[in-house]
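Here are some notes to read alongside the model. They take up side-chain pairs and then one packing of helices.

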Amino acid sequence: MDVAGKSGGAKYECLLFDLDDTLYPMSSGLNLACRKNIEEYMLQHLQIEESEVPRMCLELYREHGTTMAGLKALGHEFDDDEFHAYVHGRLPYDALKPDLVLRNLLLSMPQRKIIFTNADKAHAAEVLSRLCLEDCFEGIICFETLNPPRLQPVDFITVPDDDVIEHAPESTATDCTGNNLSPKSPILCKPSVEAIEAAIRIANVDPQKTIFFDDSARNIASGKAAGLHTVIVGSSELVPGADYVLRSIHNIREAIPEIWEGEEGQQLEQFIQSTAVETVILA
């Protein structure tokens with residue numbers, strides 16, 4: 001891929017966006033519904049004691065980045081696709097509506113734009129479709145990108161347009177403070193610094209010219225440790241490691257005007273009106 005993309009010598013060359021609770025607000029209710037589905041899966045499919053499920057769900061999320069990663073670390077065996085289908089397949093996606101304001105903002109940005117989420121590719125595609133943002137991003141780095149099936153070659157996979165996208169290599173994972181998570185945590189995901197470094201390699205970007213948007217303070221701290229410029233979304237105050245703060249993703253232009261630095265108004269209009277390419281899921 002061309003790291004510089006369309007931005008040439010601009011200050012920023014790539015914008016790396018988290019998905020859930022970043023591109024849409026937590027008030028949508030998907031976050032709570034997702035946690036409820038995870039707890040039900042733990043109870044019904046893993047036979048975990050009902051009284052332990054809520055506490056365990058939260059503690060595993062805090063320790064490992066996702067409850068799924070924590071369950072795998074404890075030795076629970078289950079199919080990844082089955083888990084994602086159960087947890088995300090019943091979410092109230094109808095709560096997400098087309099966001100034309102955000103769409104126009106994204107299309108006006110000259111930089112490369114990539115989704116970086118811990119979620120699976122089916123969920124990411126559904127959310128982007130509901131928000132009418134599916135053609136606003138060059139690609140999606142998701143669960144399958146960082147955790148390819150064991151029987152599948154992990155060095156590369158061919159995607160449409162003859163692009164070759166590298167998967168994350170198997171190696172030792174670390175959390176946001178650099179502590180070793182392997183072999184305790186077999187799943188690679190945020191807030192592991194290694195997961196973020198893997199995303200940087202996969203996207204083929206210069207972290208010093210990349211902005212990372214996320215709603216999680218832990219992910220922001222790890223993003224900063226990986227050398228990215230960072231934006232905490234959905235907050236009114238800066239958190240450790242954050243360079244910018246956005247109460248809403250819609251406030252990007254006011255908070256970070258440098259994204260449009262050096263762009264003429266006519267060029268921005270062309271970006272809005274041009275036909276964007278279909279998003280490629282990097283998995």
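**Notes on the predicted model**

1. Glu-52 is partly exposed, with 32% relative accessible area. Its partner in a salt bridge is Arg-55, and the closest N and O atoms of the two are 2.1 Å apart. Arg-55 is partly exposed as well, at 41%. The model is a predicted one, and by the rule used here it has 13 salt bridges.

2. Side chains of opposite charge can pair when their charged atoms come close. A further case is the salt bridge between Arg-130 and Glu-126, at 2.8 Å from N to O. These two residues are four apart in helix H6 (residues 121–130), so about one helical turn separates them. Arg-130 is partly exposed at 29% relative accessibility, and Glu-126 is partly exposed at 28%.

3. Lys-190 and Asp-214 form a salt bridge of 3.0 Å, N to O. Lys-190 is in the loop between strand E5 and helix H8, while Asp-214 is in strand E6, so the pair ties together parts 24 residues apart in sequence. Both Lys-190 and Asp-214 are buried. Shared partners join Asp-18, Lys-190 and Asp-214 into one network of salt bridges.

4. How do helices H1 and H4 pack, and at what angle? H1 (residues 30–44) and H4 (residues 80–88) have axes 8 Å apart and an angle of about 130°; the two are therefore oblique to each other. Their crossing is right-handed. Residues in the contact include Cys-34, Ile-38 and Tyr-41 of H1 and Phe-83, Tyr-86 and Val-87 of H4. By type, the contact residues are six nonpolar, three polar and two charged.

Conventions: Residues are numbered from 1 along each chain as its sequence is written. This is a predicted model: local features need pLDDT of at least 70, side-chain atom pairs count only at pLDDT 80 or more; totals for chains, interfaces and linings use all residues. Side-chain values use heavy atoms; hydrogens and water are left out. Axes are lines fitted to C-alpha atoms, for helices over the stretch in contact, and angles run from 0 to 180 degrees between N-to-C directions. Angles under 35 degrees count as roughly parallel, over 145 as roughly antiparallel, 65 to 115 as roughly perpendicular and the rest as oblique. A crossing is left-handed if the near helix is turned anticlockwise from the far one by less than a right angle, and right-handed if clockwise. Contact means heavy atoms within 4.5 Å. Ala, Val, Leu, Ile, Met, Phe, Trp, Tyr, Cys and Pro count as nonpolar, Asp, Glu, Lys and Arg as charged, and the others, Gly among them, as polar. A salt bridge is a side-chain nitrogen of Lys or Arg within 4 Å of a carboxyl oxygen of Asp or Glu. Buried means under 20% relative accessible area, exposed over 50%, partly exposed in between (1.4 Å probe, protein chains only).
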